[in-house]
Amino acid sequence: MQNLNLKPDEKSPDLILVNSCIVTESAFRKTRKKCQSLRRKFGDTHLIVFGCAAKIYHEKCKEIADYICRDYLEVGDLLSELEIDSRQSLSKRTLTAAPAAESLAGDSARELIPNSQFPNFPEGRTRKLIKIQSGCDNFCSFCLVCLARGRSQSRSRKEILDEILRAEDIGFKEIVITGTNIAAFACQKTTDFKSSKFSDLIFEILEKTKIPRIRFSSLYLQYLDKDFFELIKNKRICDHFHLSLQHTENLILKKMNRPYSQEDIRDICQKIREIRPNSCLAADIIVGFPYETEEIFRNLTIELETLPLNRIHVFPFSPREGTKASEFPLINEKVIKKRAATLQKIARKKWDDFLQINSDKTHEVLFETESFGHSTNYFPVTVKGGNFRNEIMKVKGLSCCLGKLKKNEKSVI
Ligand code: SF4
């Protein structure tokens, strides 16, 4: 965007870019709704939809957008082609027809992809996202990501290290390791989880860079081996672990095509807790998945209450066309809604307890704004006065909760 001299203009844009998502069915509904409201607000302004939904729901996206691009690379091509300073020159069209979903998962996609194909995330933040991998071959029965993003491709270590060293030079204090399935780094196929070189890569980053904080995005359990548990002993690794559990009951895990069991979940949570006792353990849970009987749901609630989790992100199941799970016998929507509400209650209680326990502790906070930041375990902190942006400070006697100061309390730095 910067290369093309485009400047944001929220009041009267010439172009609107919508990055679409299909992680859940409701994510696509929201994309559609957003496009419709942008259309109402900005009339004929040219609307580009790109990302996962544009690839998979190509026809549906045609109904809501003027241009459809598979990814940001195609968006770049499109913007370069358009004479963007002359609105008359923009003609309505659809860019390339997105290829059929199956062809996106071709074998050729497995080669290591060159650096230029990974986005340079915008600078000016205090936390730098480092994408190490893209795509997945696991074909969980509810997921379209394998089709939308293609098979797993890992970036070269050299490029990753170079990018981190550049981030370090610029002054970033924290990096977040991201990707579709980061723990599958360097796996030829993500189903071959023993060939993961994730821990190896992170050890190398620890050795060759001085970046103070390394945070992980979502982690899939099957890749977390003894090297990983050795790795997280290092205090530069943020004690905030987001586990992609999806469920805790063995029958449902099997139906989801997830290659781990309830015993593995307990074991991994326990190990992380032992090594980093104050860590924030977060998990995604899909509720109302087909075959989730009342009894299974009850067991799920008991298990979630018992597991040492601090955050639970609850996703009511909604079938997505083209997945195996969409052919399973569905559970009534009202039942799913009710179950989701029960889990939300457990999630709120767990998060409140976490905030409570952490409010008396001393934390190392990286400030993202003058006065707001997060600790290593992602505890949100607000302090009064000063400008600490991009500083890591020890904060004690916290008076904060979810970024808001509580009344009649003082922060001490
Ligand atoms: S591991 Fe499963 S849910 Fe995650 S991206 Fe791969 S197929 Fe989708």
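This is a predicted model: local features need pLDDT of at least 70, side-chain atom pairs count only at pLDDT 80 or more; totals for chains, interfaces and linings use all residues.
**Stop one: Asn390.** Select Asn390, in the loop between strand 14 (380-382) and strand 15 (392-395). Here 17 other C-beta atoms lie within 10 Å, so Asn390 is partly exposed. Now look at the backbone: the phi of Asn390 is near 65°, a positive value in a residue that is not glycine.

**Stop two: Tyr291.** Next, move to the loop that runs between strand 10 (280-287) and helix 12 (294-306), and pick out Tyr291. Tyr291 is not a glycine either, yet its phi is positive, at about 80°. Is Tyr291 buried, partly exposed or exposed? It has 15 C-beta neighbours inside 10 Å, so it counts as partly exposed.

**Stop three: helix 8.** Finally, select residues 198-208, which form helix 8, and colour Phe198, Ser199, Leu201, Ile202 and Ile205: these are buried. Turn the view until you look down the axis of helix 8; the buried residues fall within an arc of 160°, so they line one face of the helix. What do they pack against? Show helix 7 (157-170), strand 8 (213-216) and helix 9 (226-231) to see the partners of those buried residues.

Methods. Residues are numbered from 1 along each chain as its sequence is written. A residue is buried if 20 or more other C-beta atoms lie within 10 Å of its own, exposed if 12 or fewer, and partly exposed in between; C-beta atoms are placed from the backbone. Helices (H or I, at least four residues) and strands (E, at least two) are DSSP runs, numbered from the N terminus. The arc is that of the directions from the helix axis to the C-beta atoms. Two residues are in contact if their C-beta atoms, placed from the backbone, lie within 7 Å.
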